[in-house]
Amino acid sequence: MQLSDFFIGKPGPGSVSEALAMHLPVIVECNAWTLPQERYNAEWVVEKEVGVVLPNFRKIESAVAGLIEPAALARYRANTMKLENRAVFEVADILNTILQNCRVQVAT
């Protein structure tokens with residue numbers, strides 16, 4: 001993704017997170033075939049203005065053309081840079097808390 005200007009794919013959490021970590025705007029689709037757990041991700045993309053959501057990829061050409069328009073691309077990139085996903089660092093602390101709670105329960 002380091003060589004990319006944007007990401008096209010499904011609105012899965014891993015796909016979207018990796019793209020945004022690389023400050024790439026996204027183009028994803030959301031429709032009846034989108035997995036239920038991924039639908040909110042598409043809504044979130046629109047809400048945070050970090051990309052474009054399509055009902056299907058039939059209009060991908062016009063979506064790409066709109067996304068790479070200099071002002072639009074600059075706006076989407078700026079919005080991706082505002083995000084600070086700290087989850088990867090928070091997971092270790094959360095797991096440590098769970099383990100500490102388990103040890104306390106086992107000891108009592």
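Leu95 counts as partly exposed, at 48% relative accessibility. The model examined here is a predicted one. Leu95 lies in helix α5, which spans residues 87-107. Together with Val91, Ile94 and Ile98, Leu95 makes a nonpolar surface patch of about 360 Å².

Helix α3 was examined next. This helix covers residues 60-67, and its buried residues are Ala63, Val64 and Leu67. Viewed down the axis of α3, these buried residues fall within an arc of 95°, so they line one face of the helix. An α-helix has 3.6 residues a turn, so residues three or four places apart point the same way.

The loop between β2 and α2 (36-48) holds Thr34. Thr34 is buried, because its relative accessible area is 6% and the cut-off for burial is under 20%. A polar atom of the Thr34 side chain lies 2.8 Å from the backbone nitrogen of Asn31. Leaving aside residues up to four places away in sequence, Thr34 touches Pro11, Glu29 and Arg39.

Side chains of opposite charge can pair when their charged atoms come close. Three salt bridges are found in a search of the whole structure.

Arg77 lies in helix α4 and Asp5 in the segment before β1, so the pair ties together parts that are 72 residues apart in sequence. Arg77 is partly exposed, with a relative accessible area of 28%. Asp5 is also partly exposed, at 44%.

Another salt bridge is formed by the side chains of Lys10 and Glu38, at 2.6 Å from N to O. This pair links distant parts of the chain, 28 residues apart. Lys10 is in the loop between β1 and α1 (13-21), and Glu38 is in helix α2. Lys10 is partly exposed, with a relative accessible area of 46%. Glu38, by contrast, counts as buried, at 6% relative accessibility.

Arg75 and Glu49 also meet in a salt bridge through their side chains, at 3.9 Å from N to O. Arg75 lies in helix α4 and Glu49 in the loop between α2 and β3, so the pair ties together parts that are 26 residues apart in sequence. Arg75 is partly exposed, with a relative accessible area of 40%. Glu49 counts as partly exposed, at 40% relative accessibility.

Methods: Residues numbered from 1 in each chain as written. Predicted model: local features only at pLDDT ≥ 70, side-chain atom pairs only at ≥ 80, totals over all residues. Heavy atoms only, no water. Buried < 20%, exposed > 50% of the residue type's maximum accessible area, 1.4 Å probe, protein only. Helix = DSSP H or I, 4+ residues; strand = E, 2+ residues; numbered from the N terminus. Arc of directions from axis to C-beta. Patch = residues over 30% accessible without salt bridge, like charges linked within 9 Å, V, L, I, M, F, W, Y side chains within 5 Å. Areas by Shrake-Rupley, 256 points an atom, 1.4 Å probe, with all protein chains shown as cover. Salt bridge = Lys/Arg side-chain N within 4 Å of Asp/Glu carboxyl O. Polar contact = N/O pair within 3.5 Å; in protein donor to acceptor, adjacent residues only side chain to side chain. Contact = heavy atoms within 4.5 Å.
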